[in-house]
Amino acid sequence: MNIVLCGFMGSGKTTVGLELAKIMGRKFIDTDDMIEKTQGIAIKAIFTVRGEDYFRELEWECCKTISDMKNCVVSTGGGALTFERNVKALQRGGKIVFLDADFDVICQRIGKSKTRPLFQNKEKARSLYDERKEKYLNAADYVVDGNMSARKTALQIAEMFR
């Protein structure tokens with residue numbers, strides 16, 4: 001069974017996921033990395049050249065592939081689990097854990113990052129956060145406090161799956 005991490009950008013999915021995979025001796029998979037490797041192009045470029053709809057199709061294919069894998073820790077893109085088809089695919093092969101981090105904590109973590117285009121406008125980012133949070137909660141089998149350190153969060157999740 002896979003452990004699938006979901007949450008807003010900056011909630012710690014990749015950092016916690018890498019730590020959790022190490023603790024539990026599992027393979028780590030990042031859906032965005034998987035898409036970039038198979039496409040040979042950055043996500044940002046996929047959005048620019050082919051558009052969001054094309055990216056979402058790639059993401060769905062990725063989720064279906066992961067659902068056939070076993071004993072992985074999976075970090076999903078921030079928007080992946082806002083789509084029911086991705087949730088269903090990932091639930092077939094695993095349990096979904098929502099890293100519930102406060103918006104203020106996420107802002108501190110992201111800071112002035114230029115690699116997060118959605119964060120160039122704080123009001124829009126806040127609106128997106130509010131909109132997605134309910135979807136994450138609906139998708140999740142478990143909810144953990146995403147405001148803790150990555151190590152503490154990973155240890156708490158590992159304990160839930162022992």
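Mentor: Start with a crossing: α4 and α5 cross in a left-handed way, that is, the near helix is turned anticlockwise from the far one by less than a right angle. The model is predicted, so local features need pLDDT of at least 70, side-chain atom pairs need 80 or more, and totals for chains, interfaces and linings use all residues. Numbering starts from 1 along each chain, and side-chain values use heavy atoms, without hydrogens or water.

Trainee: At what angle do α4 and α5 pack, and how far apart are their axes?

Mentor: About 15°, with the axes 7 Å apart. That makes α4 roughly parallel to α5 (angles under 35 degrees count as such). Helix α4 covers residues 52–67 and α5 covers residues 84–93.

Trainee: Which residues in α4 meet α5?

Mentor: Among them are Arg56, Trp60, Cys63 and Ile66. On the α5 side, the list includes Arg85, Ala89 and Leu90. Contact means heavy atoms within 4.5 Å. By class, this contact has 5 nonpolar, 3 polar and 6 charged residues.

Trainee: New topic. How many helices and strands are in the chain?

Mentor: There are 8 helices and 5 strands, taken as DSSP runs (H or I, at least four residues, for helices; E, at least two, for strands). From the N terminus, the order is β-α-β-α-α-α-β-α-β-α-α-β-α.

Trainee: How much of the chain is buried?

Mentor: Of its 162 residues, 48% count as buried, meaning under 20% relative accessible area with a 1.4 Å probe.

Trainee: And what box do the C-alpha atoms fill?

Mentor: Roughly 40 × 35 × 25 Å, along the principal axes.

Terms used: Axes are lines fitted to C-alpha atoms, for helices over the stretch in contact, and angles run from 0 to 180 degrees between N-to-C directions. Angles under 35 degrees count as roughly parallel, over 145 as roughly antiparallel, 65 to 115 as roughly perpendicular and the rest as oblique. Ala, Val, Leu, Ile, Met, Phe, Trp, Tyr, Cys and Pro count as nonpolar, Asp, Glu, Lys and Arg as charged, and the others, Gly among them, as polar. Buried means under 20% relative accessible area, exposed over 50%, partly exposed in between (1.4 Å probe, protein chains only).
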